[in-house]
Amino acid sequence: LSVPFPTPLDAGIALGSLAPDAEPHSGVIGKELTASDSTLAVRWTAEDSHLLQVSVISFLDQLSLVVQTMQRFGPPVSR
């Protein structure tokens, strides 16, 4: 899954927000997140299609929350 963001910084913020979440069934399903330029990429590997579906839906819910939060609070402020 490739998710475009407006800027590389936005993609990095999304990666930082979503990467800490470990898969509950890590022996059966894997999730790899990377950011390149302004794109967040997610790659799943799974032995069970139902667990894959649950993982993807959960990720999309989390991604939606991250994007809404970023839109609500705007770009990071320089210190």
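**Close-up views of a predicted model**

**View 1. Helix 1 crosses helix 2.** In this predicted model, the axes of helix 1 and helix 2 (residues 49-73) come within 10 Å and cross at roughly 130°. Helix 1 is therefore oblique to helix 2. The crossing is right-handed. On the helix 1 side, the contact is made by Asp10, Ile13, Ala14, Ser17 and Leu18. On the helix 2 side, Phe59, Gln62, Leu63, Val66 and Met70 take part. Sorted by class, this contact has seven nonpolar, two polar and one charged residues.

**View 2. Asp10 is a buried residue of helix 1.** Helix 1 spans residues 8-18, and Asp10 lies in it. The relative accessible area of Asp10 is 16%. Buried means under 20%, so Asp10 counts as buried. Not counting residues up to four places away in sequence, Asp10 touches Phe5 and Met70. Met70 belongs to the helix 2 side of the contact between the helices.

**View 3. The largest nonpolar core has 14 residues.** Those with the most contacts inside this core are Phe5, Leu18, Leu33, Leu40, Phe59 and Leu63. Helix 1, strand 2 (29-36), strand 3 (39-46) and helix 2 each give two or more residues to the core. Helix 2 gives the most, with four residues. In soluble globular proteins, nonpolar side chains tend to be buried together.

**View 4. Leu33 and its contacts.** Neighbours within four places in sequence are left aside here.

**View 5. Ile29 is a buried residue of strand 2.** Ile29 has its place in strand 2. Its relative accessible area is 3%, and the cut-off for buried is under 20%, so Ile29 is buried. Ile29 and Ser55 are 26 residues apart in sequence. In space, their C-alpha atoms are 8.3 Å apart.

**View 6. The whole protein has two helices and three strands.** From the N terminus on, the elements run β-α-β-β-α. The protein has 79 residues, and buried residues make up 22% of them. Among contacts with a separation of 6 or more, 51% join residues 24 or more positions apart.

Terms used: Residues numbered from 1 in each chain as written. Predicted model: local features only at pLDDT ≥ 70, side-chain atom pairs only at ≥ 80, totals over all residues. Heavy atoms only, no water. Buried < 20%, exposed > 50% of the residue type's maximum accessible area, 1.4 Å probe, protein only. Contact = heavy atoms within 4.5 Å. Axes fitted to C-alpha atoms, helices over the stretch in contact; angles between N-to-C directions. Parallel < 35°, antiparallel > 145°, perpendicular 65-115°, else oblique. Left-handed = near helix turned anticlockwise from the far one by under 90°. Nonpolar A, V, L, I, M, F, W, Y, C, P; charged D, E, K, R; others polar. Core = buried A, V, L, I, M, F, W, Y, C linked by side-chain atoms within 4.5 Å.
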